[in-house]
Amino acid sequence: MTETADPVWVLLHGTPLTAAIWHDVASALPGAVRTPDTSVVPEADAVHVLAEDVAASLPEEGCHLVGHSFGGQIALEVALAVPERVRTLTILCSRDTPFPAFAPLSDEVRAGRVPDPSASLARWFTPAELVENGAAVRRARAALAAAVADPTSWANALAAIATFDRSAEVGRLTMPVVLHAAGSDGVSTPEAMRALERRVPGAVLTVHPRWAHMSPFVEADRLVGLLRRGVQRSRMG
């Protein structure tokens, strides 16, 4: 794979978010940045279908692939499918194993009984971040409002997360893999991400004790630094 002076970054968002959540990060990264919209989630084989679309759009010279939450699972799928197009893989607050508790939640959302947005925000952000009400919180709140109005894709994504399992395949990944876990994440727990680290040869995990699930977007400048250092470390290695 040919190295270029200006890397191409591909950033994949979670659910029920949109690519807008990456705005502050994308504007500060060097080189070209792509933020595919994976917010329309099919009911059947969702992760595979979305990963196929992303993989087809990747540059031939490769990219630095980053995925958060559900986007992290799509990123894993992409990296397994077209490893020759992924220079580095960074996974934020995600997991390679099922989270069965989301299956009944998916049924509730599909039936129109969506969670209270304030409860979702309380799981995603720290109390101080919610009080500050910065751009990331406002973007997440807007995405939740849209999901309440049209919950189908959110329900489909929750169902996919409930069954997604690539734990037997991630050991095939050979590109540099960097993992970041949030200390208070109740779904993509530090324990789940430590298990992922053990399964991926050479993977490096950092646990951020004060982070909630969406804190990386609140600390966008810090996240940019983490992403850049992860890529630099892979080049040195």
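Predicted model: local features only at pLDDT ≥ 70, side-chain atom pairs only at ≥ 80, totals over all residues.
**Stop 1: helix 3.** Select residues 70-81. The 12 residues of this helix should span 16 Å at 1.5 Å a residue, and its end C-alpha atoms, 17 Å apart, agree with that. Now colour by accessibility: 11 of the 12 residues are buried, among them Phe70, Gln73, Glu77 and Leu80. To see what covers those buried residues, show strand 1 (8-12), helix 2 (46-57), strand 3 (63-68), strand 4 (86-92) and helix 8 (152-163), which are included in the cover.

**Stop 2: Thr97.** Next, pick Thr97 in the loop between strand 4 and helix 4 (102-110). Is Thr97 buried or exposed? Thr97 counts as buried because its relative accessibility is 17%, and buried means under 20%. Its side chain makes a polar contact with the side chain of Arg95, at 3.1 Å. Leaving aside residues up to four places away in sequence, Thr97 touches Gln73, Phe164, Asp165, Ser167 and Arg199.

**Stop 3: the largest pocket.** This pocket holds about 380 Å³ of space. Select Ser69, Phe102, Trp124, Val187 and His213, the closest to its centre of the 24 lining residues. Helix 3, helix 4, helix 5 (117-124) and helix 8 each give two or more residues to the lining. By class, the lining has 10 nonpolar, 11 polar and 3 charged residues.

**Stop 4: the second largest pocket.** Here there is about 190 Å³ of space. Centre the view on Pro16, Ser39, Ala147, Asp150 and Ser153, which lie nearest the pocket's centre among its 16 lining residues. Helix 7 (135-149) and helix 8 each give two or more residues to this lining, with the largest share, 3 residues, coming from helix 7. The lining divides into 8 nonpolar, 7 polar and 1 charged.

Technical notes: Residues numbered from 1 in each chain as written. Heavy atoms only, no water. Helix = DSSP H or I, 4+ residues; strand = E, 2+ residues; numbered from the N terminus. Expected span 1.5 Å × (residues − 1). Buried < 20%, exposed > 50% of the residue type's maximum accessible area, 1.4 Å probe, protein only. Contact = heavy atoms within 4.5 Å. Polar contact = N/O pair within 3.5 Å; in protein donor to acceptor, adjacent residues only side chain to side chain. 1 Å grid on protein atoms, 1.4 Å probe; cavity = no way out; pocket = protein on both sides within 12 Å on 5 of 7 lines; lining within 4 Å. Points joined across faces, edges and corners; volume = space filled by probe spheres on them. Nonpolar A, V, L, I, M, F, W, Y, C, P; charged D, E, K, R; others polar.
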